[in-house]
Amino acid sequence: MPRKIALITGITGQDGAYLARLLLKKKYIVHGIIRKSSSFNTARIDEIYEDPFKKKKSLILHYGDMTDFSSINSIVSKVKPDEVYNLAAQSHVAVSFKNPEYTTDVNALGALRLLESIYQNNLKKTKFYQASTSELFGNPKYKIQNEKTPFYTKSPYGTSKLFAYWITKNYRESYNMFASNGILFNHESPLRGETFVTKKITKAITKIYKKKQDCLYIGNLNSKRDWGHAKDYVYFQWQILQQKKPMDVVVSTNKQYSVRQFIEECCKHIGWNIKWKGRGLNEVGYILEKRRKKIIIKVSKAYFRPNEVESLRGKSLLAKQKLKLKLKYSFKDIVKEMMDDDLKKIEYE
Ligand code: NAP
Ligand code: GDD
């Protein structure tokens, strides 16, 4: 049997790094698109990196950019992948308010460029995965979201992903392409980018614990998310492309915690009992140190968004049915793994 060929955009990101490992374990030949950067941006895949001069390679990296059709098209036509995972994105919601046009170019037109390239190259058997998101849901009327929940985006990021969701469906329906949307809820890990709230919290709390930082400035403490683990979720990205038919499917834990609860759980992990006082922008979180109050959390307006998805909680019935969705990591496991990893790393800083 010839080895399957996968192409991953966004291979240097959190999900790309886990997915590449998974596919290599499954004996795929993995091609990844990386961007030119003035400093190294491959830290998350350094462990699996292969010498480009090696004869039989399983991991091959190509320079390209989602904003540049010529680079995408030349890679697709050369690689002729069996499976394409479109994970590349300007993925930070708050940043999308500052860079709305760029976010749209990468996330919305980027998906279009990739689909069009598969189509133009007549790759009829190529399967396409689009990294869709729970940010498509934003209407507080729907407390629990599934595939049937009406979309209501609240940010340039969400709206760019809405275009990508629909263009994926359009190519599926128009050209009979195997093109699927994985509507994934938030997923975290030690490889999570440092400006996302979970990683920002675990990193800061370990620093405060080791007396390398005084206090953490945070935004909306009451925002609620359905947090899973990236390692669990990339398995279902792969599963989505192993189905007989393309589909649009929610992957979530069906549980929900607030940013405040995430902080409390991190503190618990190191034996701290955090307490809260004040309201709104004046709220602080403190611990008792030698019977004195030590403020470790402050709220800052700088981390509030112009518009916010306040509450996300998915119901993944379809995934349970079709993908046999079963998750290994609980909320507590995620916090533990991220905290332990940051505690280990801080020793080397
Ligand atoms: P991430 O860590 O931010 O990774 C994004 C990847 O996209 C990085 O490899 C980045 O390259 C690459 N990229 C950004 N702009 C690019 C461009 N112009 N051309 C080529 N590559 C570009 O994101 P993630 O958490 O792994 O998420 C993966 C995908 O799933 C994203 O599309 C995200 O929107 C979506 N998603 C994520 C979640 C979640 O909770 N993690 C939930 C739902 C959907 P650099 O390394 O060079 O920056
Ligand atoms: N980043 C950040 N920084 N978020 C904060 C902060 C802060 O200091 N304080 C509070 N928050 C709140 C945000 O307002 C949001 O409600 C929540 O914490 C989670 O923020 P992020 O971790 O930045 O993730 P996100 O939910 O906005 O977006 C992530 O999940 C989406 C899926 O729902 C990203 O991974 C997106 O790419 C993904 O599509």
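## Basis of the model

Because the model is predicted, local features need pLDDT of at least 70 and side-chain atom pairs count only at pLDDT 80 or more, whereas totals for chains, interfaces and linings use all residues. Residues are numbered from 1 along each chain as its sequence is written, chains are lettered from A and ligands numbered from 1 in the order in which they are written, and side-chain values use heavy atoms, with hydrogens and water left out.

## Surroundings of ligand 1

Ligand 1 is surrounded by 25 residues, the closest being Thr12, Arg35, Ser91, Tyr157 and Lys161; a residue belongs to such a shell if one of its heavy atoms lies within 4 Å of the molecule. By class, the shell around ligand 1 holds ten nonpolar, ten polar and five charged residues, where Ala, Val, Leu, Ile, Met, Phe, Trp, Tyr, Cys and Pro count as nonpolar, Asp, Glu, Lys and Arg as charged, and the others, Gly among them, as polar.

Taken alone, ligand 1 exposes 900 Å², of which the protein buries 90%, the areas coming from the Shrake-Rupley method with a 1.4 Å probe. Two or more residues of this shell come from each of H1, helix H4 (100-120), strand E5 (127-133) and helix H5 (156-175), and E5 gives the largest share, three residues; helices (H or I, at least four residues) and strands (E, at least two) are DSSP runs, numbered from the N terminus.

## Surroundings of ligand 2

Around ligand 2 there are 23 residues, of which Ser134, Tyr157, Ser223, Arg305 and Glu308 are the closest, and the shell divides into eight nonpolar, nine polar and six charged residues. A backbone N or O atom of Ser91 lies 2.7 Å from an oxygen atom of ligand 2, and side-chain N or O atoms of Ser134 and of Arg305 each lie 2.6 Å from an oxygen atom of ligand 2. Ligand 2 exposes 710 Å² when taken alone, and the protein buries 95% of that.

## The second largest pocket

The second largest pocket has a volume of about 760 Å³, and among its 28 lining residues Tyr18, Arg21, Pro190, Leu191 and Lys231 lie nearest its centre. A pocket is an open set of points on a 1 Å grid over the protein atoms alone, where a 1.4 Å probe fits, with protein on both sides within 12 Å along at least five of seven lines, and lining residues have an atom within 4 Å of a point; the volume is the space filled by probe spheres set on the points, which are joined across faces, edges and corners.

Helices H1 (14-25), H6 (197-209), H7 (230-241) and H10 (331-346) each supply at least two lining residues, with the largest share, five residues, coming from H7. The lining has ten nonpolar, two polar and 16 charged residues.

## Salt bridges

The structure holds 18 salt bridges, each a side-chain nitrogen of Lys or Arg within 4 Å of a carboxyl oxygen of Asp or Glu. One of them joins Glu83 and Lys4, whose closest N and O atoms are 3.4 Å apart. Glu83 lies in strand E4 (residues 83-86) and Lys4 in the segment before strand E1 (5-9), so this pair ties together parts that are 79 residues apart in sequence.

Definitions and conventions
A polar contact is a pair of N or O atoms within 3.5 Å; within protein, one must be able to donate a hydrogen and the other to accept it, and residues adjacent in sequence count only if both atoms are side-chain atoms.
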